[in-house]
Structures are given as structure tokens and as C-alpha cells.
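Please read its points beside the sequence and the model.

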Amino acid sequence: MDCLFCKIINKEIPSNIVYETDDVLAFYDIAPQAPVHIVIIPKQHISSPADITEENCNISGKMFLAASEIAKKLNLENGFRIVSNCGEDGGQTVQHLHFHLLAKRSLAWPPG
């Protein structure tokens, strides 16, 4: 499989890891959109949020737990945003389920 995030999980591509468990990996985005921009991924390959099933839905809870623990570790007490893009129209560019954790700047809604 030629998946960028699977290669990061397998340490074939270096990353600046901020959090890792048996199920989840989180690292700093190489093109940050905020002063803090972390990508949170499951180690199991799931192509997108549209591919969450009854059998694999527990991973999203572990990804949210990772976000909470990262926020505490990085002192993000003023808040943060979690974004997950799905499909071409949703802006997904890597076909591996992932969350973007954005923080340390004011994030307007709707995003522009």
C-alpha cells in the first residue's frame, strides 16, 4: 500500500511525534495552519471517516483521547479545534483517517 501515513507509522518516513500508543500516532503537520497543528492517525489503515464501521468505531474514541492528552501536554487551555476531512469535496488529501488538532490562534467559524 502506498499510503503516506502508513509509511509514517512504519517509520519509513520521519515525523516529529508528539504522542504514540499501540493504536494511535500523532505528529506535527509539515505544513501547519496554526501555531500548533498536530495530525492524529490510527495505526490501523482506515481510508476515511466514511469507512468507520461498527467493527472499527472504537478507534475514533482513542483518537479523541489522544487529542485530550496532547492538549494537556501542550497546555492548550484556551482551546483547540479538531477537523477531519472526508472525501474529495471535504478536502481530504491523504486517504487515511486523520484528525487535525489546531490551536494557539483564534479560529473563526465558519472556516474560511
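Is lysine 62 buried, partly exposed or exposed?

1. Lysine 62 has a relative accessible area of 33%. The model under review is a predicted one.

2. The side chain of lysine 62 meets that of aspartate 23 in a salt bridge, at 2.8 Å from N to O. This pair links distant parts of the chain, 39 residues apart: lysine 62 lies in helix 2, and aspartate 23 in the loop between strand 1 and strand 2. Aspartate 23 is likewise partly exposed, at 30%.

3. Glutamate 20 takes part in a salt bridge with lysine 43, with a distance of 2.8 Å from N to O. Here too distant parts of the chain are linked: glutamate 20 belongs to strand 1, whereas lysine 43 sits in the loop between strand 3 and helix 2. Lysine 43 is partly exposed, with a relative accessibility of 25%.

4. Glutamate 20 also forms a salt bridge with lysine 11, their closest N and O atoms being 3.2 Å apart. Through shared partners, Lys11, Glu20 and Lys43 are joined into one network. The whole structure contains 4 salt bridges.

5. As to the overall fold, the protein has 2 helices and 5 strands, in the order α-β-β-β-α-β-β from the N terminus.

Key. Residues numbered from 1 in each chain as written. Predicted model: local features only at pLDDT ≥ 70, side-chain atom pairs only at ≥ 80, totals over all residues. Heavy atoms only, no water. Helix = DSSP H or I, 4+ residues; strand = E, 2+ residues; numbered from the N terminus. Buried < 20%, exposed > 50% of the residue type's maximum accessible area, 1.4 Å probe, protein only.
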